[in-house]
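Dear colleague,

Here is the structure I promised to pass on to you. Please open it first, and then read the notes below with the model in view.

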Amino acid sequence: MTPLRIQNVSKTYGDFRSVDDVSLMVNQGERVALLGQNGAGKTTLMRMILGLTKPSGGKLEVLGGGAGSRAARAQIGFLPESVAFHGALTGREQLRHFARLKSVSTKQADDLLERVGLYEAADRKIRTYSKGMRQRVGLAQALLGTPKLALLDEPTSGLDPISRHEFYDIVEELSQAGTAILLSSHALTELETRTDRIAIMNKGKLLADSSLRDLRDSARLPIRVDIFTIAHEADRVAAEIGGERINGRSVTLTCQQEDKLKLVSRISAFGPIIEDVEMTPASLEDLYRHYSLSAQEAS
């Protein structure tokens, strides 16, 4: 069973098309990043998956059933972009309340509070929590019951760098346990090595849906190559293989993926005058900009 199957789904509000003929799948144990600027249709798509909004067209299959069905809701974990909890409750009281609603043991609630780093603050009122701490309560409630599908909307908002790292450790654990994960975020840099597939939306349309490597191959954005030489040899290297001399000891140029090995061979031929070589492929931010600008130019 594919946990999430979206087929030609659209959502219109009058003349406005918020989601436009989107097809997307998330397989068991797969981590898919859903990218797009504000208004791209990401939140609307998640609301349709949750059954909170009905599609205007197309088909949604969630965990083998219809979106919003009781069976689907019982197996979905959802972390919204803006979490809101009762400030008069403690973190433990709030999470135990969610556990009872989901027919999950309160021990799992306590264990999750520790897992997200709130063990020492569990018995403090939520109104005393920082934004990052409230976000961690939200993450804990999304993990209750070990969901088969997790929808995470801007999940690292408000988290410090260490907490972000810990969050992605949890995402990895979920993935290895078989949970399908759809994660929406504007923090592109942190997603590069932490997701299996990238889906890019713009103005309701799905522009791209593939692995980072395949997106790079399709976009054909150049690789940046930085060559570091011993003193006074950068001019010689630049003269022979091209590129721009940045200072007396480095040269910068670009190449396509298929030319990389040939360039490495040419650089190696210089022998000991080369101290180091750095190759930097197009980042996820570069790719996102490329696909978004291409869509704007085509419209």
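Arg 92 touches Asp 110, Leu 113, Ala 122 and Asp 123, leaving aside residues up to four places away in sequence. Please keep in mind that this is a predicted model. Arg 92 has its place in helix α3, which spans residues 91–101, and with a relative accessible area of 18% Arg 92 is buried, because buried means under 20%.

Helix α3 also takes part in an aromatic pair, one of two that a search of the whole structure finds. Phe 85 and Phe 98 stand edge-to-face, with 6.0 Å from centre to centre and 70° between the planes. Phe 85 lies in the loop between β6 and α3, whereas Phe 98 lies in helix α3, so the pair ties together parts that are 13 residues apart in sequence. Phe 85 counts as buried at 17% relative accessibility, while Phe 98, at 22%, is partly exposed.

The other pair is formed by Phe 167 and Tyr 168, whose ring centres are 4.9 Å apart and whose planes meet at 70°, so this pair is edge-to-face as well. Phe 167 is buried at 2% relative accessibility, and Tyr 168 is buried at 5%.

Helix α5 (residues 131–143) packs with helix α6 (residues 161–176) at an angle of about 5°, their axes being 12 Å apart, which means that α5 is roughly parallel to α6. Arg 136, Leu 139 and Leu 143 of α5 make the contact with Ser 163, Phe 167, Ile 170 and Leu 174 of α6, and by class the contact has five nonpolar residues, one polar and one charged.

Best wishes

Terms used. Residues are numbered from 1 along each chain as its sequence is written. This is a predicted model: local features need pLDDT of at least 70, side-chain atom pairs count only at pLDDT 80 or more; totals for chains, interfaces and linings use all residues. Side-chain values use heavy atoms; hydrogens and water are left out. Axes are lines fitted to C-alpha atoms, for helices over the stretch in contact, and angles run from 0 to 180 degrees between N-to-C directions. Helices (H or I, at least four residues) and strands (E, at least two) are DSSP runs, numbered from the N terminus. Angles under 35 degrees count as roughly parallel, over 145 as roughly antiparallel, 65 to 115 as roughly perpendicular and the rest as oblique. Contact means heavy atoms within 4.5 Å. Ala, Val, Leu, Ile, Met, Phe, Trp, Tyr, Cys and Pro count as nonpolar, Asp, Glu, Lys and Arg as charged, and the others, Gly among them, as polar. Buried means under 20% relative accessible area, exposed over 50%, partly exposed in between (1.4 Å probe, protein chains only). Rings of Phe, Tyr and Trp (its six-membered ring) pair if their centres lie within 6.5 Å; planes under 30 degrees apart count as stacked, over 60 as edge-to-face and the rest as tilted.
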